[in-house]
Amino acid sequence: MSANPRPLKPAASHQALRRATDACRECPIGEHATQSVIGEGPLPAALMLVGEQPGDQEDRQGRPFVGPAGQLLGRAFDELGWPRDQLYLTNAVKHFKFELRGKRRMHKTPGQREAQACLHWLESEVQLVRPRAFIALGATAARALLGRPLSIMQLRGQWLDSRFGPPMLVTLHPSALLRGDPLRRESAWDAWLRDLAPASAWLSDATEDAP
């Protein structure tokens, strides 16, 4: 497994990137996944939202954020009034890492070396998407975009400089809300929307720079 990303050659197209990631075996995850899952959305895009990795449903369908966490994210877009045609959704790691419990495939967090091996694919995707700003959903995404570890709970709702140039807003992955205390779910939802709300400035007028 490579400790550092190999030198980049810009992807010829989104479809070429899909084929290349599907064939990737630079870390062990790809060998067991159904297929790779790269992002979906406009090229270019105002906002690029980056999660951790595909889940079970994403792995089966080959599309990002189609499972329960994705449904929650879609609800947030609706409440915030974010136009889908300005949003590109992807993950830092392109294959689903899991462990079997009986017949169920349970999510397993990618290791740092696995995320590092996938970094050049994320960078190729950034080159295609050319986002004006990023939203990092969770610690794995934030570390990939920033280039160093950080505390999500301390920095959630804040803007940081990404390693790729555009600024990044840090917040929780929607799956964290699904795992949280049901009695606090409403307050957690409101706090998460407050985290996301400042990114609306990048969507208000695609022809002007955000403040």
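Helix α1, which spans residues 14-23, has three buried residues: His14, Leu17 and Thr21. They sit on the same side of α1, because the arc they cover around the axis is only 55°. Please keep in mind that this is a predicted model. Its mean pLDDT is 91 over the chain, with 91% of the residues at 70 or more.

**The two faces of α1**

- The buried residues of α1 have packing partners in β2 (87-91) and α6 (119-129).
- On the face turned away from that buried side, you will find the exposed residues Arg19 and Ala23.

**A look at Thr21**

- Thr21 belongs to helix α1, and its relative accessible area is 1%.
- Thr21 counts as buried because that value falls under the 20% cut-off.
- A polar atom of the Thr21 side chain lies 3.0 Å from the backbone oxygen of Arg18.
- Beyond its neighbours within four places in sequence, Thr21 touches Ser36, Ile38, Lys94, His95 and Trp121.

- Ser13 is found in the segment before α1.
- With 29% relative accessibility, Ser13 is classed as partly exposed.
- The Ser13 side chain reaches the backbone nitrogen of Ala16, at 3.0 Å.
- Between Ser13 and Leu89 there are 17 Å in space, C-alpha to C-alpha, and the two are 76 residues apart in sequence.

**Where α4 meets α10**

- Two packed helices are described by the angle between their axes and the distance between the axes.
- For helix α4 (residues 68-80) and helix α10 (residues 185-196), the axes come within 11 Å and the crossing angle is roughly 65°.
- The crossing of α4 past α10 is right-handed.
- On the α4 side, the contact is made by Leu72, Leu73, Arg75, Ala76, Glu79 and Leu80.
- From α10, the residues taking part are Trp189, Trp192, Leu193 and Leu196.

**Confidence at the start of the chain**

- Over residues 1-10, pLDDT stays under 50.
- For that stretch, residues 1-10, the model has 23 contacts beyond four places in sequence.

Note on methods
Residues numbered from 1 in each chain as written. Predicted model: local features only at pLDDT ≥ 70, side-chain atom pairs only at ≥ 80, totals over all residues. Heavy atoms only, no water. Buried < 20%, exposed > 50% of the residue type's maximum accessible area, 1.4 Å probe, protein only. Helix = DSSP H or I, 4+ residues; strand = E, 2+ residues; numbered from the N terminus. Arc of directions from axis to C-beta. Contact = heavy atoms within 4.5 Å. Polar contact = N/O pair within 3.5 Å; in protein donor to acceptor, adjacent residues only side chain to side chain. pLDDT = per-residue confidence, 0-100. Axes fitted to C-alpha atoms, helices over the stretch in contact; angles between N-to-C directions. Left-handed = near helix turned anticlockwise from the far one by under 90°.
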